[in-house]
Amino acid sequence: MTSDTGTESGVETDREQVRSALSYEQARGELVRVVQQLEAGGATLEESLALWERGEELARVCREWLEGARARLDAVLEAEAEAGEDADPDAAAEAESGPLGADEAEEAEGAGDGR
């Protein structure tokens, strides 16, 4: 049982503990079970509310894991882009325009059709 101090920092601490305690796969698996229980019906109102609240918390945990993963991927892609630009400015320009410049591409197209 977590202690909710009612303060913003207390809530954030509790959320961090929940997130660190569950992997994405664990949170998602439990969320699937919660949804199945709610869909099956038969629970009391109090039980349904408790399941709903747990489902909201699990969905938040999953969202935070996914946002963290996206941030990590973005950071890697940004670092690779910066490293590529720093390493060879001509290669970056070529990557933007393709292996041939605009004039060269037109010449290559014209050569293929007998112009």
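A residue counts as buried when its relative accessible area is under 20%, as exposed when that value is over 50%, and as partly exposed in between. With that in hand, welcome to this structure, which is a predicted model. Of its 115 residues, 11% count as buried.

## The overall picture

The protein has five helices and zero strands.

How much of the surface belongs to carbon and sulfur atoms? The accessible surface comes to about 8,900 Å², and 53% of that belongs to these atoms. Contacts tell a further part of the story. Among those between residues at least 6 apart in sequence, 62% join residues at least 24 apart.

## Salt bridges

How many salt bridges does the count come to? The count comes to four.

| Pair | N to O distance |
|---|---|
| Glu-30 and Arg-54 | 2.8 Å |
| Arg-60 and Glu-57 | 2.2 Å |
| Arg-70 and Asp-74 | 3.2 Å |

Let us start with Glu-30 and Arg-54, whose closest N and O atoms are 2.8 Å apart. Glu-30 has a relative accessibility of 22%, so it counts as partly exposed. Arg-54 is partly exposed as well, with a relative accessible area of 30%.

The next pair stays within one helix. Arg-60 and Glu-57 are three residues apart in helix H3, which means that about one helical turn separates them. Their side chains meet in a salt bridge, at 2.2 Å from N to O. Is Arg-60 buried or exposed? At 9% relative accessibility, Arg-60 counts as buried, because the cut-off for buried is under 20%. Arg-60 also takes part in a network of salt bridges, in which it is linked with Glu-57 and Glu-64.

Further along we come to Arg-70 and Asp-74, which both lie in helix H3. These two residues are four apart, about one turn of the helix, and their closest N and O atoms are 3.2 Å apart. Arg-70 counts as partly exposed because its relative accessibility is 47%. Asp-74, at 36%, counts as partly exposed too.

## A negative patch

Which residues form a negative surface patch? The patch is made of Glu-46, Glu-47, Glu-53 and Glu-56. Patch members must have over 30% relative accessible area and no salt bridge. Glu-56 has a relative accessible area of 46%, so it is partly exposed and its area lies over the 30% that a patch asks for.

As a last stop, compare its place in sequence with its place in space: Glu-56 and Val-34 are 22 residues apart in sequence, and their C-alpha atoms are 10.0 Å apart.

Notes
Residues are numbered from 1 along each chain as its sequence is written. This is a predicted model: local features need pLDDT of at least 70, side-chain atom pairs count only at pLDDT 80 or more; totals for chains, interfaces and linings use all residues. Side-chain values use heavy atoms; hydrogens and water are left out. Patches are made of residues with over 30% relative accessible area and no salt bridge: like charges are joined within 9 Å, nonpolar side chains (Val, Leu, Ile, Met, Phe, Trp, Tyr) within 5 Å. Accessible areas come from the Shrake-Rupley method with a 1.4 Å probe; for residues, only the protein chains shown count as cover. Lys and Arg count as positive and Asp and Glu as negative; His and the chain ends are not counted. The place of a charge is taken as NZ of Lys, CZ of Arg, CG of Asp or CD of Glu. Buried means under 20% relative accessible area, exposed over 50%, partly exposed in between (1.4 Å probe, protein chains only). Contact means heavy atoms within 4.5 Å.
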